[in-house]
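Hi,

Here is the structure I promised to pass on. Have a look at it first, and then read my notes below.

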Amino acid sequence: MPPTPAAKTPTQAEIPSPVQSAKYEEPAPPLPPTKTVASGTLAINLPTALALTNANPLDVQIAQERVRFAAAQLDRANALWLPNVNVGVDYFRHDGQIQDIVGNVFGTSRSSLLLGAGPQAVVSVTDAVYAPLAARQVLRGVQANAQAVRNDTMLAVAVTYFEVQQARGDVAGALETLRRADDLVARTEKLAPDLTPDVEVNRAKAEAARRRQAVESAYERWQVASAELARLLRLAAGTPIEPCEDPSLVVTLLDPETSLDDLLATGLTHRPELASQQAKIQAALVRVKQEQRRPYYPTVAARGVGSNVPGLAGGYFGGGVNDDVQNFGARFSVDLQAVWEFQNLGLGNLAAVRERESDRRRVLLELLRAQDQVKAEIVQAHAQATRAAKRLKAAEDGLTNATATAEKCL
């Protein structure tokens, strides 16, 4: 595992308003991420976990491979103008009847040999012009999807990390509660049977048993959350993960007082999912134009016909009667064509245009659906953030009073 990276403070220019710089206070020097503490847990801190989201998660690597695949498709589209080049040897031998151009049939025996090369290209000008434009938009969309995958993975890692942190806190709280329950059992046994009935001892022991179950449940949640975080970051499986930060760590990503309208404007501007859908719309528009203009653009063909089977255009050629191959010399034969095609008397072209128009409308509807999804997520996150801030204040007050009550009762 790489060493813990130094925390980078983002500049104001790097963060779109109204989102503010994350407030994160680095705790006391943490244990190295690769060091296993004495309790058998793997220590890691939040910056290291977030840094690993750009390296280890398989979802991110798969998204990067999709980007490389789309880039290769763009390169292929840009090369549609270029012909294939065939290089090789052609040997031809004929024995028996053959017919000349007049129609006379006669018998002969002959052979020929050609060593050469030639072009082989059948290029649709429409595809050569518009395919790179569409492929470029597809690449933009895939790149935006890759960024969305990184964002989703980072969010999943952060949420799971704090679930591990919460589970570890639950373990600590359950152990403390169990300690107090065992202390209550010991105190009750000292008072029985003179000052308190035996039933109180049984009640205290039953409560201690429930606290032991709570401890096991808390350890279970810790192990489950650790397994999920280890899966996301591809760490060693089966080892509980222990965050290095203090359990009371608070990370503020935005001001809870930021208005919902400002957050909606920021999300609709910067979410990569929407950029991906917009790129798909641009690609669909290009494909519509491609089908509309296909009947007006020819298909250009260039084929070498210097050999008996088209493929080699020219080279060193010789031949003769039977197997007497001689009279070698230069030879070059090529066939060039420009053909305008009307598919199914033009009806096929009209159907293709309607298909592309339908695809364009579908992608537009998917963009509207993605916008609605982004809006809902922003509203939900805003509600969670504002209510969580209020719950935190109430929880702090409740913790203070609960601690004081426990100390006074015992």
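Predicted model: local features only at pLDDT ≥ 70, side-chain atom pairs only at ≥ 80, totals over all residues.

Start with D182 and R212, whose side chains form a salt bridge with N and O 3.1 Å apart. D182 sits in helix α3 (residues 125-191) and R212 in helix α4 (residues 198-233), so this pair ties together parts of the chain that are 30 residues apart in sequence. How exposed are the two partners? D182 is partly exposed, at 33% relative accessibility, and R212 is also partly exposed, at 42%.

R211 is partly exposed with a relative accessible area of 26%, and E207 is partly exposed with 28%.

Next, have a look at R271 and E377, a salt bridge whose closest N and O atoms are 2.7 Å apart. Which parts of the chain does this pair link? R271 is in the loop between α5 (260-270) and α6 (272-293), while E377 belongs to helix α7 (residues 347-409), so the link joins distant parts of the chain, 106 residues apart. Both ends count as partly exposed, R271 with a relative accessible area of 22% and E377 at 31%.

There is also a network of salt bridges, which links D127, E291 and R294.

Now the helix pair. To describe two packed helices, one gives the angle between their axes and the distance between the axes. For helix α2 (residues 58-78) and α3, the axes come within 9 Å and cross at roughly 170 degrees. Angles over 145 degrees count as roughly antiparallel, and α2 and α3 are therefore roughly antiparallel to each other.

If you want to click through the contact, residues on the α2 side include V60, A63, V67, A70 and L74. Facing them from α3 are, among others, A135, L139, V142, A146 and V149. And what is the make-up of this contact by class? It has 14 nonpolar, five polar and four charged residues. The contact list also includes R66 of α2 and R136 and R150 of α3.

Cheers

How values were computed. Residues numbered from 1 in each chain as written. Heavy atoms only, no water. Salt bridge = Lys/Arg side-chain N within 4 Å of Asp/Glu carboxyl O. Helix = DSSP H or I, 4+ residues; strand = E, 2+ residues; numbered from the N terminus. Buried < 20%, exposed > 50% of the residue type's maximum accessible area, 1.4 Å probe, protein only. Axes fitted to C-alpha atoms, helices over the stretch in contact; angles between N-to-C directions. Parallel < 35°, antiparallel > 145°, perpendicular 65-115°, else oblique. Contact = heavy atoms within 4.5 Å. Nonpolar A, V, L, I, M, F, W, Y, C, P; charged D, E, K, R; others polar.
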